[in-house]
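Visitor: I should like to learn how to read the features of a structural model. May we work through one together?

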Amino acid sequence: MQELILKVCGFVRFLFPSQAASLLSCCHGRLVDIVFNSTLAKEMTDFLELRALSASERSVLYDGRVLAALDQYLVACNFHGKELTEELLNMWISSLTGKSKTVRIKVGTIRNFVKYLNNMGNYSFLPMPPKVKSDYIPYIYSEEELQRIMCCADTLVPQNPNMCSSFFRLKIPMFIRILYGCGTRLEETVSLQRKDVDFKNGTLFLRKTKFSKERLIPAHHSLLDILERYCFALGIMDQPDAYLFPGKKPCTHYTSRQMQHWFSKILELTGIDQRSKQPNERGACLHGFRHVFVLKSMQQLEAAGHPVDMNDLLLPTYLGHESLIDTDKYMRFSGIQVPKALD
């Protein structure tokens with residue numbers, strides 16, 4: 001089997017020498033800072049080189065970081081062999097932190113490496129991938145926190161004098177209000193263009209969506225009134241291709257990272273403390289407005305005599321979900337945060 005693998009690598013390099021070289025050099029250029037020191041250092045390096053022939057650079061880099069963590073663990077345990085035992089791997093897996101989904105992905109990388117070791121004759125234990133459990137707890141803003149955030153956004157002034165324009169002072173408050181009023185995702189919101197807003201019919205057309213699920217959603221008239229004045233202020237009412245949140249360069253828009261940066265400033269100024277959050281709690285962030293939207297939408301539907309059950313796709317369709325199962329995680333909030341919603 002080892003000879004077969006080596007022949008395959010050589011065959012690829014023979015047929016596509018330039019492509020194979022570019023793949024390896026591309027990954028090696030970003031992996032130079034990863035040094036393996038355990039007795040499996042050579043095997044880890046060879047495994048990554050083999051992975052570079054068929055996987056993306058991003059995947060190879062991720063695998064390299066996971067193997068580096070395992071390598072450090074082996075060194076700390078004074079491991080001197082070539083075969084990974086069940087006890088050793090289980091102890092390493094139990095030391096992993098983070099979400100259960102993240103742990104499962106890391107174990108998947110090690111499973112691939114173990115399969116490679118077994119093919120090389122270094123028979124090791126193949127760990128089972130752990131189950132993914134739903135341990136995610138979103139942050140739900142209180143009414144008082146929402147008031148503080150909106151007020152701070154409306155009066156936010158950047159420290160850089162070059163950014164002290166009325167346009168900047170309009171963009172952040174408008175962005176937050178769309179998130180709060182429509183429950184849209186960050187990327188969906190920053191990529192909105194003037195032509196995506198239909199003031200006559202009161203809808204927003206979301207083009208750049210997750211899983212390419214374009215959708216047309218209604219918006220409340222109070223939000224549309226503010227959005228209309230916003231477009232007039234920016235001078236884009238008659239420019240259909242103009243972005244609602246234009247960037248510094250032409251034909252560009254604000255990025256999600258930029259919006260998150262300014263929102264972190266707002267959280268700091270409003271004194272919303274993140275140090276007391278639970279281990280599995282995401283904490284206050286822009287995505288939290290989507291959770292608030294779901295919670296309030298559920299409450300409004302119930303109050304209007306429209307109970308939400310497993311057969312109702314009204315809200316999931318609005319959010320871009322396939323079913324209420326996908327929407328379920330947005331309702332997993334802490335009862336301490338929203339005591340009135342426990343019923």
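Visitor: What does the protein chain average in pLDDT?

Guide: pLDDT is the predictor's confidence in each residue, from 0 to 100. The protein chain averages 82, and 79% of the residues score at least 70. Over residues 1–29, however, pLDDT stays under 50. Where pLDDT is low, the predicted coordinates should not be read in detail.

Visitor: Which residues of α7 are buried?

Guide: Buried means under 20% relative accessible area, exposed over 50%, and partly exposed in between, with a 1.4 Å probe and protein chains only. Helices are DSSP runs (H or I, at least four residues), numbered from the N terminus. In α7, which spans residues 143–154, the buried residues are E145, L146, I149, M150, C152 and A153. They lie on the same side of α7 because their arc around the axis, taken from the directions from the helix axis to the C-beta atoms, is only 165 degrees.

Visitor: Where is S323 placed, and with which residues is S323 in contact beyond its neighbours within four places in sequence?

Guide: Contact means heavy atoms within 4.5 Å. S323 is in the loop between α13 and α14, and its contacts beyond those neighbours are L313 and P316. The C-alpha atoms of S323 and L313 are separated by 6.2 Å. S323 counts as partly exposed because its relative accessibility is 24%.

How values were computed. Residues are numbered from 1 along each chain as its sequence is written. This is a predicted model: local features need pLDDT of at least 70, side-chain atom pairs count only at pLDDT 80 or more; totals for chains, interfaces and linings use all residues. Side-chain values use heavy atoms; hydrogens and water are left out. Helices (H or I, at least four residues) and strands (E, at least two) are DSSP runs, numbered from the N terminus. The expected span of a helix is 1.5 Å times one less than its number of residues.
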